[in-house]
Structure formats: structure tokens, C-alpha cells
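Notebook open. I want to look up the packing first, then the strands.

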Amino acid sequence: MIKVLIADDQELIRQSLQIVLDSRENLQVTDAVANGQEVVASVRREKPDVILMDIRMPKMDGVQCTKIIKEHYPQIKIIILTTFDDDEFVYNALKYGASGYLLKGISMDGLAAAIETVYSGQAMINPDIATKVLKLFSRMAQADYSIQISESQVAELTKTEWKIIEQVECGSSNKEIAEKLSLSEGTVRNYLSNILNKLDLRDRTQLAIWAVQSQAHKR
């Protein structure tokens with residue numbers, strides 16, 4: 001019996017997944033929670049084998065939660081289940097140890113098969129996302145897996161810019177960053193533009209990769 005924890009901030013999705021997965025003979029839903037903080041608490045109680053993790057959740061998103069769970073419970077398999085396929089999400093979730101990355105349009109049979117696949121120790125990535133992953137890692141390989149930024153460039157960053165970089169690393173959208181930092185979306189866009197100019201980066205994907213590689217926000 002594979003024990004599954006469902007994490008999604010939409011109650012209808014949580015309930016639907018729980019009903020469908022509980023109907024499978026080899027699957028048992030141990031809990032269905034609404035945010036990353038509840039995931040951490042539920043994992044301590046229930047010790048699930050596999051977590052179906054939504055990316056965009058309040059209080060703690062799926063990327064941050066994946067990092068925390070894999071640091072403390074490396075044996076637990078995590079499948080990121082989302083409607084989004086942003087490069088930053090893909091890179092960060094996989095870097096922190098997710099075993100699967102699926103779009104919510106997947107069939108219930110496909111989802112059940114994915115749970116069995118990651119439980120057995122293999123990876124399961126939606127074909128559309130797999131193409132993105134290959135392209136992303138190809139670009140990284142061509143750049144020698146590293147984005148180099150000088151210390152003098154880094155020194156120009158302000159405290160607010162560091163906070164925004166941290167949110168970009170977590171995969172937050174401009175709207176989410178604005179809400180978390182009590183700024184307008186326009187102000188966030190201006191900050192991001194300034195950050196990219198200071199660091200001589202092409203886009204927020206490069207910024208996210210550099211932030212993860214250097215753990216820049218923990219300087």
C-alpha cells in the first residue's frame with residue numbers, strides 16, 4: 001500500500017484527488033492539506049510515501065516545501081502537480097529533489113501510474129515539461145553549468161533587491177512578490193529590471209538559476 005499526501009490550496013481538487021486515489025487498491029490517501037506549512041505538519045504525523053504537491057500555495061509554496069521535506073525526509077517522493085510549467089519552477093523543484101513534475105491535465109490513470117513510478121525510485125516528468133528541462137539543462141551545459149557574476153556587481157544590490165531575488169528563486173510571480181513585499185506589481189517589475197541590469201543577466205530564468213547556484217540570498 002502506497003501512502004499518499006495531497007497538497008493543493010483548492011478544496012475541490014483536494015477532494016477529487018482523494019476520492020479517486022482512495023478508490024485504487026494499492027493507494028491510500030493519508031491526508032489532504034491546503035498549504036506547505038500543513039504539509040510539513042502532516043508529514044511528521046503520517047509519514048507518507050509520496051506527496052502530490054501543488055506549486056502555488058499560500059504561506060509556503062511547493063518549491064520551498066519540497067526543499068524542506070527532502071532535507072528532513074529524503075526517502076519521501078514528491079510529485080509536483082501544477083497548471084504551470086515555468087522554467088524557474090521546473091529547475092528549482094527538480095534541483096531540490098522532486099521525483100516528478102506533472103501538469104494537472106493528466107488523467108487519473110496517468111497520475112496513479114506516476115505515483116507507482118516514483119514510489120519505485122524512478123522519475124516521472126510530463127513530456128511537455130521534459131522538453132523544457134532538456135532545453136534548460138542544455139543551455140546550462142553550454143554555459144559550463146555556471147552563471148558568473150562579479151563581486152562588484154553583487155555589491156550593488158540593495159536589501160529590497162535581495163528580497164526580490166529570493167522570491168524569484170522560489171518561483172514567485174510578480175503579483176506574488178508584490179503581495180509578499182507590500183509593493184505594487186509595477187514597482188516589482190522596475191526592481192527586476194534594475195537587478196537584471198546590475199547583474200548583466202538576460203531574464204528572470206537566468207536570475208533564478210544564478211540565485212540557486214550561488215544561494216545568493218543567504219550571503
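Which residues does Ile51 touch, not counting residues up to four places away in sequence? I find Leu5, Val39, Val43, Ile69, Ile76, Lys77, Ile78 and Ile79. Contact here means heavy atoms within 4.5 Å.

I note the ground rules. Residues are numbered from 1 along each chain as its sequence is written, and side-chain values use heavy atoms, without hydrogens and water. The model is predicted: local features need pLDDT of at least 70, side-chain atom pairs count only at pLDDT 80 or more, and totals for chains, interfaces and linings use all residues.

Next, the cores. I take a nonpolar core as a set of buried Ala, Val, Leu, Ile, Met, Phe, Trp, Tyr and Cys residues joined through side-chain atoms within 4.5 Å. Buried means under 20% relative accessible area, exposed over 50%, partly exposed in between (1.4 Å probe, protein chains only). The largest nonpolar core has 51 residues. Val39, Ile51, Met53, Ile69, Leu207 and Trp210 touch the most other members. Helix H11 (residues 204–214) gives the most to this core, 6 residues. Helices (H or I, at least four residues) and strands (E, at least two) are DSSP runs, numbered from the N terminus. A second, separate core has 17 residues, including Val4 and Leu52.

Now strand S1 (residues 2–7). I see 5 of its 6 residues buried, so S1 is largely enclosed by the rest of the structure. Strands pair if DSSP finds at least two bridges between them. S1 runs parallel to S2 (residues 27–33), with 6 bridges. Leu5 has Asp31 as its bridge partner in S2. S1 also runs parallel to S3 (residues 50–53), with 4 bridges. There, Ala7 has Met53 as its partner.
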